[in-house]
Amino acid sequence: MAKAYRESRGELAERMIAALEAAQAAGGDKRGMQSAALLVVRPSVDHPEYNVRYVDLRVEDHKTPIQELRRVWQIFEGFHAANAHLNYASQYEAQGRTDLAVMERERVGESMKRAIARGERDASLLNGLAWACATHDIFLSDAIRAAERAVEMEPRNIDILDTLAEVHFRAGNASKAIEVESRAATLDPKSTYLKEQIERFRAGRK
């Protein structure tokens, strides 16, 4: 457990799960497997809820609970942890602690790369990561890959098409952004938001 914890990368939650996996591989609890849980708290002035519950995941009854905890963590990492890292990045930036702000943003990039590498099939998760990166102008090449994969899975999902368009626009490809957003607009021709997005892309307004 200690070796896995020391040698794994990522934030505390990731390293704790690696330690649990190593423990199970070494024999685990002789009574067998049933449940697993992970609770991490983290100090924050701007987001006091993190002081009580930064990561709170549990698997109550499962044949392979640690494996399931890993799956649940991957979902959490995509939907919630990315926003939390960006919240901390803003907090550290305001405090003049740019090195820590950079680290928090890199955590989001690492989450994105892991999702792509494992062939993530949850379109909403990929979309959430891509949108977080787009709106903060970070890791845009990976965000395009994630959003394109999400569109492949759900080609008629307007929210996902909008994300892909936004990422292309942030990456400096306004014509591609307009093309993708126009596809979304054909699916929902009454959407004022989509029309405004197209006009925004044409005007070059972030």
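**View 1. What lines the largest pocket: 6 nonpolar, 5 polar and 2 charged residues.** Here Ala, Val, Leu, Ile, Met, Phe, Trp, Tyr, Cys and Pro go down as nonpolar, Asp, Glu, Lys and Arg as charged, and the others, Gly among them, as polar. This is a predicted model, where local features need pLDDT of at least 70, side-chain atom pairs count only at pLDDT 80 or more, and totals for chains, interfaces and linings use all residues. Residues are numbered from 1 along each chain as its sequence is written, and side-chain values use heavy atoms, with hydrogens and water left out. Of the 13 lining residues, Gln24, Asp29, Gly32, Met33 and Ser35 lie nearest the pocket centre. Helix H2 (12-25) and helix H3 (65-94) are the elements that each give two or more residues to this lining, and H2 has the largest share, with 3. The space inside comes to about 220 Å³. (A pocket is an open set of points on a 1 Å grid over the protein atoms alone, where a 1.4 Å probe fits, with protein on both sides within 12 Å along at least five of seven lines; lining residues have an atom within 4 Å of a point. Points are joined across faces, edges and corners, and the volume is the space filled by probe spheres set on them. Helices (H or I, at least four residues) and strands (E, at least two) are DSSP runs, numbered from the N terminus.)

**View 2. Tyr50, Tyr54, Tyr88 and Tyr92 make one aromatic cluster.** The protein has 6 aromatic pairs in total. (Rings of Phe, Tyr and Trp, the last by its six-membered ring, pair if their centres lie within 6.5 Å; planes under 30 degrees apart are stacked, over 60 edge-to-face, the rest tilted.) One of them joins Tyr50 and Tyr54 edge-to-face, at 5.4 Å centre to centre with 85 degrees between the planes. Tyr50 counts as buried because its relative accessibility is 10%, and Tyr54 is buried too, at 7%. (Buried is under 20% relative accessible area, exposed over 50%, partly exposed in between, with a 1.4 Å probe and protein chains only.)

**View 3. Arg15 sits over the face of Tyr5.** The distance to the ring centre is 4.2 Å. Arg42 lies over the face of Tyr54, at 5.4 Å from the ring centre. (Over a ring: NZ of Lys or CZ of Arg within 6 Å of the ring centre and within 35 degrees of the ring normal.)

**View 4. Ser44 in the loop between strand E1 (36-40) and strand E2 (55-59).** The Ser44 side chain reaches the backbone nitrogen of His47 at 3.0 Å. Ser44 is buried, with a relative accessible area of 7%.

Definitions and conventions:
A polar contact is a pair of N or O atoms within 3.5 Å; within protein, one must be able to donate a hydrogen and the other to accept it, and residues adjacent in sequence count only if both atoms are side-chain atoms.
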